[in-house]
Amino acid sequence: MDLHSNYNGHIMNTYNNLELKPLALLILALMPLAASAQTSQHFGLGMPVPLQISDLPASQFRAKLNTLPAKAQAKALNTLRGLSFTDKDLPYLQVDNTGGILYVDSFLPPAAPATALSSTAETVPLITAAEAFALHSKKGAKNIIYLDFNGMDVTGTAWNAGTVTTYKALAYDLDGSPGTFSPTELNNIADIWHRVAEDYMPFNVDVTTKQPKTFGPTVGRILITKNVDKNGVAMPASTAGGVAYVGAWGGSNYGYYSPALVYYNNLGSGYPPYVAEAAAHEMGHNQGLSHDGTSTVGYYAGLGSGYVSWGPIMGVGYYTNVTQWSKGEYPDANQKQDDVAIIAANMGYRADDHGKTLTTATPLVVDAAGTIAATNPETDPFNSNPANKGVIGKLNDVDMFTFYAGAGAVNITVTPAWDAFYHNNQRGANLDIKATLYDWNGKVVQAIDPLDETKAVLSATVPAGQYYLSVKGVGNSVTPYSTYDSLGQYFIRGTVTP
């Protein structure tokens, strides 16, 4: 495994939490320590002079560049000069015969852990096929990320240049019945979709399982398939978890460099948290993002423990409960790319959904019994009931709500998107919540920001009157991580005295 020795303790703690076998822990414990402190060499964007092939360290990547004809070399260098990457990326960077640059993500997670479903699992209905293949995170957006679970003929693309004319890519299939989708497969599809949608929730993009009518510069496709096709032919980079061309989004030839490929059978045999992390990561490469690593490894595995364990999406997000875009704020970071800004430059942000002041507060929907309820995408796939939920879409975004309560108890829980995911371990949501209850004069009644959780639970006894609830994204000082990408969807539930 290609993991930074400084974080062996973190990985062992994470694996312990996932109840892996002792052999896996023994292997990790025997991993050699780093011989000495190192630094990463940076290339491409930000270099004082244009990057030349001779600037790169000796590697298979550099050797392949040297074999290309001049036109292909020029194309490759043009892409690399617009990309911020380090020498730790070189083992995972490849160049095709025409000069296209791609990432082959060969780091693979262990077998799927025997995680318990969330405490709400018994009440989560089985999603239907009609619902599973018509999911949208922002229907009508001009930017689209299509999660393709159906398989396709990959032909006429960069994947076919000089190799296989047509790949007969297979559908997502866990039970050996590729012509149909079982209830488990459908629920996995919904889980994967929602996790990827959460990663891209701040942006003006529709993450969907419904095939778009047309494909173009701002329509991405992530093909979630097996690493061999229908005819037993190995798919491109078949031993990887995923592979994608870098910086292809927005180009007139984006379709030629699509789809991004994710091999579910290499990812815990289709385990949704792994597949979703790989899918968001590969689309990140399409957006122009490089890996988040350290001075010694290409992929950073994260830090912290419990429900506030943290990992970067463009590093290794498989093992942590909070996964976020990064700008290199973790220890020994070798990549300072501002992931959020780069994606926003491609797609823009989604419009703010709630006001941030007392005068622009959105009324909470409270029934006659004093119950505050909210659906989520797993229980309400088409968002037929949009009440009591929202999205923290930008740094410093605050969403304000208002409600009336009688004298007595107020109990309100604000939960990030993991509320809807089917797995209680490896939650994979981005938002960490601070919730504040104000009275009618704007005086703070209670403010909750737990250090060991990402949800916030307010509980207070109040006199009758009008109240306000604010929701904002925050960091965590114990793990630590910042507020930088504490963004995403949340749901409000609870009770007040009617």
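**Ground rules.** I am working with a predicted model, where local features need pLDDT of at least 70, side-chain atom pairs count only at pLDDT 80 or more, and totals for chains, interfaces and linings use all residues. Residues are numbered from 1 along each chain as its sequence is written, and side-chain values use heavy atoms, leaving out hydrogens and water.

**Whole chain.** I found eight helices and 23 strands; these are DSSP runs numbered from the N terminus, helices being H or I with at least four residues and strands E with at least two. Of the 498 residues, 58% are buried. I then looked at contacts (heavy atoms within 4.5 Å). Among those between residues at least 6 apart in sequence, 75% join residues at least 24 apart.

**A sheet.** I traced an open, mixed sheet of five strands in the order S14-S17-S22-S19-S20. Its edge strands, each pairing on one side only, are S14 (362–363) and S20 (444–448). Pairing here asks for at least two DSSP bridges between two strands. S19 (residues 433–438) runs antiparallel to S20 over four bridges, and I noted Tyr 438 opposite Val 444 in S20.

**Salt bridges.** My search of the whole structure gave six, counting a side-chain nitrogen of Lys or Arg within 4 Å of a carboxyl oxygen of Asp or Glu.

- Asp 87 and Lys 88 meet at 2.9 Å, N to O, and both residues are buried.
- Asp 191 and Arg 195 have their closest N and O atoms 3.0 Å apart. They are separated by about one helical turn because they sit four residues apart in helix H6 (residues 183–199). Asp 191 is buried at 0% relative accessibility, and Arg 195 is buried at 2%.
- Arg 493 and Asp 419 come to 3.1 Å between their closest N and O atoms. This pair links distant parts of the chain, 74 residues apart: Arg 493 is in strand S23 (residues 488–496) and Asp 419 in the loop between S18 (408–416) and S19. Arg 493 is partly exposed at 26%, whereas Asp 419 is buried at 15%.

**Aromatic pairs.** I counted 23. Rings of Phe, Tyr and Trp (its six-membered ring) pair if their centres lie within 6.5 Å; planes under 30 degrees apart are stacked, over 60 edge-to-face and the rest tilted.

Back to Tyr 245: what does its ring do with that of Tyr 257? The centres are 4.7 Å apart and the planes at 55°, so I logged the pair as tilted. Tyr 245 lies in strand S10 (residues 242–245) and Tyr 257 in the loop between S10 and S11 (260–263), so the pair ties together parts twelve residues apart in sequence. Tyr 257 is buried too, at 7%.

Trp 310 and Tyr 330 form a tilted pair as well, with centres 6.0 Å apart and planes at 45°. Both residues are buried.

I also noted one aromatic cluster made of Tyr 92, Phe 107, Tyr 271, Tyr 274, Tyr 299, Tyr 318 and Tyr 319.

**A charge over rings.** Last stop was Arg 427, which lies over the face of Tyr 307, 3.6 Å from the ring centre. The charged end of Arg 427 also sits over the ring of Trp 418, 3.4 Å from its centre. My test was NZ of Lys or CZ of Arg within 6 Å of the ring centre and within 35 degrees of the ring normal.

Definitions and conventions. Buried means under 20% relative accessible area, exposed over 50%, partly exposed in between (1.4 Å probe, protein chains only).
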